[in-house]
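Hi,

Here is the structure I promised to pass on.

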Amino acid sequence: YELFPRSASPDPRRPGTLQDVIARLEYVADLGFDVLYLPPIHPIGTTHRKGRNNAETAGPNDPGVPWAIGSPDGGHDAVHPELGTLADVEALVAAAAAKGIRVALDLAFQASPDHPYVREHPAWFRARPDGTIQYAENPPKRYEDIYPFDFETDDWQALWRELLRIVRFWIDHGIRIFRVDNPHTKPFAFWEWLISEVKRTDPDILFLSEAFTRPKIMYRLAKLGFSQSYTYFTWRTTKQELVDYFTELSRPPIADFFRPNLWPNTPDILHEYLQHGGRPAFIVRLVLAATLAASYGIYGPAYELCIATPREPGSEEYLDSEKYQVRHWRLDATESIAPIVRRVNEIRRRHPALQDDTRLAFHGIDNDELLAYSKRSPDGRDRILVVVNLDPHHVQTGTLELPLADFGIPAERPFEVEDLLGGQTYLWHGPRNGIVLDPAVMPAHVFALRAPVRTEADFSADR
């Protein structure tokens, strides 16, 4: 679960703090998440600071982008004074652990023009011919408030050692999970060295790769040591796209080294499916993310509150994005899907079949708007069948075909399927059974397959 600490205040008259995040832990725990991910919590620069909705000029009260790290208050090993102190970080880690939650921290290896590194180590940045430092770009996006490091500088050894020190600094303060910002824009050799150095002393540290780039590069980063990776799930919305992509991810050779972490939204990405699909679309993508892979996340509270307004038509940027301003959220809003998020996470915890990436099988269903797939636990005892209506606007019907022999169910025996989302139990006969999903009610079934039902003939045979 990702949240911005500065938007965690219960008081709309002030921004949030790390102490407010501690108070929010009960909410996160109630939703059922076991990792709380914080965007950068460091001081933010003022030079070329971005305003609301990425305006090139910031107003006097605009807080800046958390990824523009560094100011006279410090750099990557400092906490933004408005958020709190290092003691607050440690208190948050301890309070989260008491609720079964680990805290993940953003690892963004870049600097604002005001970072102490710029003054103390100018050789760590690439200069233009006129002597000015080149700001970051990801065309068509421009980040005038961010300077990328030059990992091939003549002083590269000192730079690399310093970045390793930063990672170990936060490990010493209780952080065991790092979400790594844009690792594909840094040299492979750097990550191979840094991760191996960290794992040598702390083998349990997890690194999540935020690399939305070419598949071969994403897979290479996994082989270099990244524990998990973001994926293209956000942009796979049709039945065939989902079948093709997750067949690839759940089978060797990819499944041998690549661990997907599915996100239906991020602070950078509000997909058009969510923009136009209403509340059912958010439920659809939640169920898919939570059941197609063993690991998933949401950027909240924007997700559970079904925030769907883009900055402008055709954009995947949120209007009034938290990247550029403080937001205040009504967590008790009637449109919240928090109860469904809670239920989905309860199902995940109780069913080992959903805690594995490699035992995924897709099943035939005669409607391109209906997607059906199953997962089984390693011992085969836990069997979960998921059917999702990919159309968030209309009722869809179809006939599902199950390979009953694969589930150990005799074709001639009736068997029970319990809908863990809706609470109903159905008696099915044979491999072909009808499905009706109304997105206005619930756009998905998450079925637990039960043992075949004993019939009168069975009892007679016993006698």
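**What I found**

Helices α8 and α9 cross in a right-handed way (the near helix is turned clockwise from the far one by less than a right angle; helices are DSSP runs of H or I with at least four residues, strands are E runs of at least two, both numbered from the N terminus). On the α8 side, Arg279, Ile283, Leu286, Val287 and Ala290 make the contact, and on the α9 side Ile340, Val341, Val344 and Arg348 (heavy atoms within 4.5 Å).

This is a predicted model, so local features need pLDDT of at least 70 and side-chain atom pairs 80 or more, while totals for chains, interfaces and linings use all residues. Numbering starts from 1 along each chain as its sequence is written, and side-chain values use heavy atoms, without hydrogens and water.

Now the salt bridges: the count comes to 26 (a side-chain nitrogen of Lys or Arg within 4 Å of a carboxyl oxygen of Asp or Glu). In one of them, Asp30 meets Arg342 at 2.8 Å, N to O. Asp30 sits in α1 (residues 18-31) and Arg342 in α9, so this pair ties together parts 312 residues apart in sequence.

There's also an open sheet of 5 strands, ordered β1-β2-β7-β8-β9 with parallel pairing (two strands pair if DSSP finds at least two bridges between them). Its edge strands are β1 (35-38) and β9 (228-229), each pairing on one side only. Strand β8 (residues 206-210) is joined to β9 by 2 bridges, and Leu208 stands opposite Gln228 in β9.

Cheers
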